Each structure stands twice: as C-alpha cells, then as structure tokens.
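These are my notebook entries on a structure that I consulted by residue and by element. Each entry records what I looked up and what I found.

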Amino acid sequence: MNRVLARMEGNPKGATVIITGAIHGNEGAGIEGLKRIISNIERRNAKLNGNLLLLIGNIEAYKKGVRFIDQDLNRIWTKEASEKIEKGEVTAFNSENEKREQAELYILIRDAFDRYSGPFIFADLHSVSSETFPFITINDMLKNRRLASKIPVPIILGIEEYIQGSFLNRVNSLGHVAIGFEAGTHDDIKTIDNHAAFIELLLHHSHVLRLSFRKRRQNTAQLKSHLSNRFFEIRYRQEIRDDDRFQMESNFVNFTKIERQTMIARINDIPVHSPFAGRLFMPLYQKLGSDGFFIARRILSVALWASEFLRQIPWTGFLTALPGVTRDVKIVKWIWVNRRTARFMTIPIFHLLGYRCREQTDEMLCFVRREVKPHL
C-alpha cells in the first residue's frame, strides 16, 4: 500500500498543506475523506494555489483495523526520535512496526520541507469511540487559533500538556501550524462527510483551493453545532495504566456537562468521580488507549483577547526576576517555578502570558513559550 495518497502541486511558492489520516489504524474514516477530496479535485480539474500532500499514517494498523500494532504512533514523536531517524539509527527497514511507520512519514515530510518554501500547514484526521459532533484540538499557538477559528466547530486547547509525543505537538515545536480534527464516531458514515467538509474548508482558508460561496455554506452547515467556534481548555486527564481495568459508565457523550463528584467510570472496579465541574471530553469506549477521559472548561472571549495581546510582550526576563522563578541551567527556553513560592493560579497566569506547562513535580513547574519561529 502506498503511503502517499496524493501529491498535488499548484504553486511551489504557495502554502503547502500536509494531511495525515489513520495515524490510529482503526480510524479509517479520515482516509475515506481524503479519497473523496482527491476525487473531487480531479473531477473538477481544480487549480491549486499551493501544494497538497495527503498521507496514510499507520499503514499496517490501518490494514488490520486496529489502533496500533506495537505502540501508539501518536505518542512517539519526540525530538530524540527525530534525531535517531536523521542519524539512520531508526529506518523503514530495521525497526518495529510503529517506528518504521514513523521513519517513513518523517522522511516524506522532510522531503516536502526541502521541495517547497512554505508556509506549511498540517492537519491530522481522527475519530472517537463516543458519540460526538466534530471538534478541533490544537496546541495553543496564536497561528493555530487563527486558522482553527475559521472552521465552525468547538476548539479545544491545552491537550499537549497531558499527551506527550503526539505528531502535531512535534510539528508545533518546529513552529508550523498544526490542527487535529475529530470528525465523529469511528463507524458513522457522517464522520466521512465531516472529514471531507473540514478538509475543503481548511484548503480554502489556507488559500490553496478556492471554494464557491455555496460550497463553503454547505460545508459549514455540515459541521456546525451549538458549540461551534467556542474555545475550551483541558483541565484534567484520567490516565489508564497498562494493567488497569477501565470501564466508562454508560450513556456519556462528548461535551456532556458534569458536576463535581459525578461518577464517570470505574478503574479496577473502584468508582472514579470528577474532581470538578466542566464538560466531559473524549470518554473512552474502546479497549485500547491510555486516556480514560478528559475534563474541559470554557474559555471566555475576553481571556482569549487578553492572551493574544499579552503574548506580544517578551516576558521571560521579567518573570525570571520574580522570587521562585528561574531559567533552566541547560535549556534556556525552559522556566522553572517553585510551587511553594508561586502558589496562586500559576498555571493559568502562565497560560495567559503564552507559556505551556511541559513538566510538573510536587515542588516545581516547568514552562516553555508556545510561539516559536518555523524551522525543520
């Protein structure tokens, strides 16, 4: 099976959109959505004002209809993994399944960086095991916000603080726009329709493929829900360890409103209650996965506007002059905060100033700026 579903070139100096489907092999609706877009472009003989690269993520898992073979392909995209591929220590020929898939994807993307001048826009297509309407997940970079807000779905921020090694997190660390799109439940035919609508709107707003007003309105109607264009932030993640027996309570759907102490699931037959009120996000109703559920809270528009303004200010020098705040001795981009000294709303304040929490201990918090300049 060819990993490259399509490579379409219109303007080498225009934007290049790279879209992956089936990074989780049991989420095949994304591949069907990509195939539909390829067919639409070819049938219309549409002219691209940019470039398009459409890829299958985990080929072997996709063939078998399973999430992954040996390990989750969407959890191994670290800087160290990229360096091993560059050094030839991990290749498409000498590695176990997901590392082989990763090496092939990495080489194709690196070649695209060499071939085109950018800007580069990435999208990763997914589906979920619980009932839901479409939504977007992004790292909270301003360039991600600006593009995502043009798609008429709810937008979830902050998931990168809870999930390490995701493909889009690695892309964002290189400074490129990256959007995760969750189209619906795995086997619902509407999920394919939602993927196709999202892809067309993404290409239009990336200025790669111009859509008619009628087509934009049709795609908007396809994706729109009562929470469209509202922003939410992840505040809690329920981890599942390898030896845990996890069981969600029945009848929860994505974005369900929950109160504090709502019983949500059982782990090893022990009830799990919500630590606070919010909206239940991505409850797990499948066997594989280490994320039982998340809890998200609405972000008010005024907070979004304030954070966009505050991020224009270089805060690092000022912050490190405060008590309990220091630079990392090896990695100058990291800022460490002593929890005992900074006790009041430390994480929300740093979020507002444009930092994300990359590591936590009982005594310390480590932050890094979200906005970075594009590079390979």
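**Entry 1: aromatic rings.** I began with Phe135 and Phe281 in this predicted model, and I noted that both are buried. The two rings form an edge-to-face aromatic pair, with 5.0 Å from centre to centre and 65 degrees between the planes. I then looked up where the partners lie in the chain. Phe135 belongs to strand 5 (residues 135–138) and Phe281 to strand 13 (residues 278–281), so that the pair links distant parts of the chain, 146 residues apart.

I next examined Phe350 and Tyr355. Phe350 and Tyr355 are both buried.

A search of the whole structure gave me 16 aromatic pairs. I also recorded a cluster, in which ring pairs link Phe133, Phe135, Phe232, Phe255, Phe281 and Phe294.

**Entry 2: Ser225.** I located Ser225 in the loop between helix 8 (213–223) and strand 8 (231–239). Is Ser225 buried or exposed? Its relative accessibility is 16%, and I therefore counted Ser225 as buried, the limit being under 20%. Setting aside neighbours within four places in sequence, I found Ser225 in contact with Phe133, Pro152 and Pro154. Phe133 is also one of the members of the ring cluster in Entry 1.

**Entry 3: helix 3.** Which residues of helix 3 (residues 79–86) are buried? I listed Ala81, Ser82 and Ile85. They lie on the same side of helix 3, because they cover an arc of only 100 degrees around the axis. As a general point, I noted that an α-helix has 3.6 residues a turn, so residues three or four places apart point the same way. The buried residues of helix 3 pack against helix 4 (97–115) and helix 6 (167–173).

I then turned to how helix 3 meets helix 4. Their axes come within 10 Å and cross at roughly 80 degrees, which means that helix 3 is roughly perpendicular to helix 4. On the side of helix 3, the contact is made by Ala81, Ser82, Ile85 and Glu86. Helix 4 contributes Gln102, Ala103, Tyr106, Ile107 and Arg110. Sorted by class, I recorded 5 nonpolar, 2 polar and 2 charged residues in this contact.

Lastly, I looked at what follows helix 3. I found Gly88 there, with a positive phi near 80 degrees.

Technical notes: Residues numbered from 1 in each chain as written. Predicted model: local features only at pLDDT ≥ 70, side-chain atom pairs only at ≥ 80, totals over all residues. Heavy atoms only, no water. Buried < 20%, exposed > 50% of the residue type's maximum accessible area, 1.4 Å probe, protein only. Helix = DSSP H or I, 4+ residues; strand = E, 2+ residues; numbered from the N terminus. Arc of directions from axis to C-beta. Contact = heavy atoms within 4.5 Å. Axes fitted to C-alpha atoms, helices over the stretch in contact; angles between N-to-C directions. Parallel < 35°, antiparallel > 145°, perpendicular 65-115°, else oblique. Nonpolar A, V, L, I, M, F, W, Y, C, P; charged D, E, K, R; others polar. Phe/Tyr/Trp six-rings, centres within 6.5 Å; stacked < 30°, edge-to-face > 60°.
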